Amino acid sequence: MATEEQRTQEEVVRLHLTVSGRVQMVGYRYYCHEMAARLRLTGYARNMPDGSVVVEVQGEPAEVEEFAIGAALGPRLSEVTAVKRRALELLDRESGFRKY
């Protein structure tokens with residue numbers, strides 16, 4: 001039988017996304033923040049010098065996947081052309097979603 005901590009770790013995933021296209025100066029990070037809050041995810045979104053946005057999210061697998069689908073769509077003024085994704089190790093004690 002799994003302990004509460006083991007069960008919790010199995011039910012949480014962390015995902016790294018690199019989102020390319022017209023994703024800066026269009027409210028993309030705010031869009032990610034709102035989506036993460038709605039889905040109760042932690043993590044961050046950060047503008048990168050090459051014009052992409054890097055996002056990391058952590059939470060229950062179904063909500064993280066819903067976030068990834070929404071991230072590929074982006075807000076109304078954005079134009080997402082590519083999303084690279086990879087799984088990451090979980091971060092302990094992370095709270096909230098930050099925009100950089």
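The secondary structure of this protein chain comes to three helices and five strands. The model is a predicted one. Read from the N terminus, the elements follow the order α-β-α-β-β-α-β-β. The radius of gyration is 14 Å, close to the 13 Å that the globule rule gives for 100 residues, so the chain is as compact as a globular protein of that length. Along its principal axes, the C-alpha trace spans about 50 × 20 × 20 Å.

Next, the chain's contacts and surface. Of the contacts with a separation of 6 or more, 78% join residues 24 or more positions apart. Buried residues make up 35% of the 100 residues. The accessible surface comes to about 6,400 Å². Carbon and sulfur atoms account for 52% of that surface.

Now look at the rings. A search of the whole structure finds three aromatic pairs. One of them is formed by Tyr28 and Tyr31, with 6.0 Å centre to centre and 45 degrees between the planes, a tilted arrangement. Both tyrosines lie in helix 2, which covers residues 28-39. They sit three residues apart, about one turn of the helix. Is Tyr28 buried or exposed? Tyr28 counts as buried because its relative accessibility is 1%, under the 20% cut-off. Tyr31 has a relative accessible area of 23%, so Tyr31 is partly exposed.

Phe67 and Phe97 form another pair. Their ring centres are 6.2 Å apart and their planes meet at 45 degrees, so this pair is tilted. Tilted pairs fall between the stacked limit of 30 degrees and the edge-to-face limit of 60. Which parts of the chain does the pair link? Phe67 belongs to helix 3 (residues 61-73), while Phe97 belongs to strand 5 (residues 97-99). The two are 30 residues apart, and the pair links distant parts of the chain. Both Phe67 and Phe97 are buried.

Arg46 lies over two ring faces. Over the face of Tyr44, Arg46 is at 5.2 Å from the ring centre. Over the face of Tyr100, Arg46 is at 4.3 Å from the ring centre.

Finish at Thr42. This residue lies in strand 2, residues 42-47. Thr42 counts as buried because its relative accessibility is 15%. What does its side chain touch through a polar contact? The partner is the side chain of Glu94, at 2.6 Å. Leaving aside neighbours within four places in sequence, Thr42 is in contact with several residues, including Arg14, Glu56, Val57 and Gln58. Glu94, Ser95, Gly96 and Phe97 are also among its contacts. That brings back Phe97, the ring paired with Phe67.

Definitions and conventions: Residues numbered from 1 in each chain as written. Predicted model: local features only at pLDDT ≥ 70, side-chain atom pairs only at ≥ 80, totals over all residues. Heavy atoms only, no water. Phe/Tyr/Trp six-rings, centres within 6.5 Å; stacked < 30°, edge-to-face > 60°. Helix = DSSP H or I, 4+ residues; strand = E, 2+ residues; numbered from the N terminus. Buried < 20%, exposed > 50% of the residue type's maximum accessible area, 1.4 Å probe, protein only. Lys NZ or Arg CZ within 6 Å of the ring centre and 35° of its normal. Polar contact = N/O pair within 3.5 Å; in protein donor to acceptor, adjacent residues only side chain to side chain. Contact = heavy atoms within 4.5 Å. Rg over C-alpha atoms; globule rule 2.2 N^0.38 Å. Areas by Shrake-Rupley, 256 points an atom, 1.4 Å probe, with all protein chains shown as cover.
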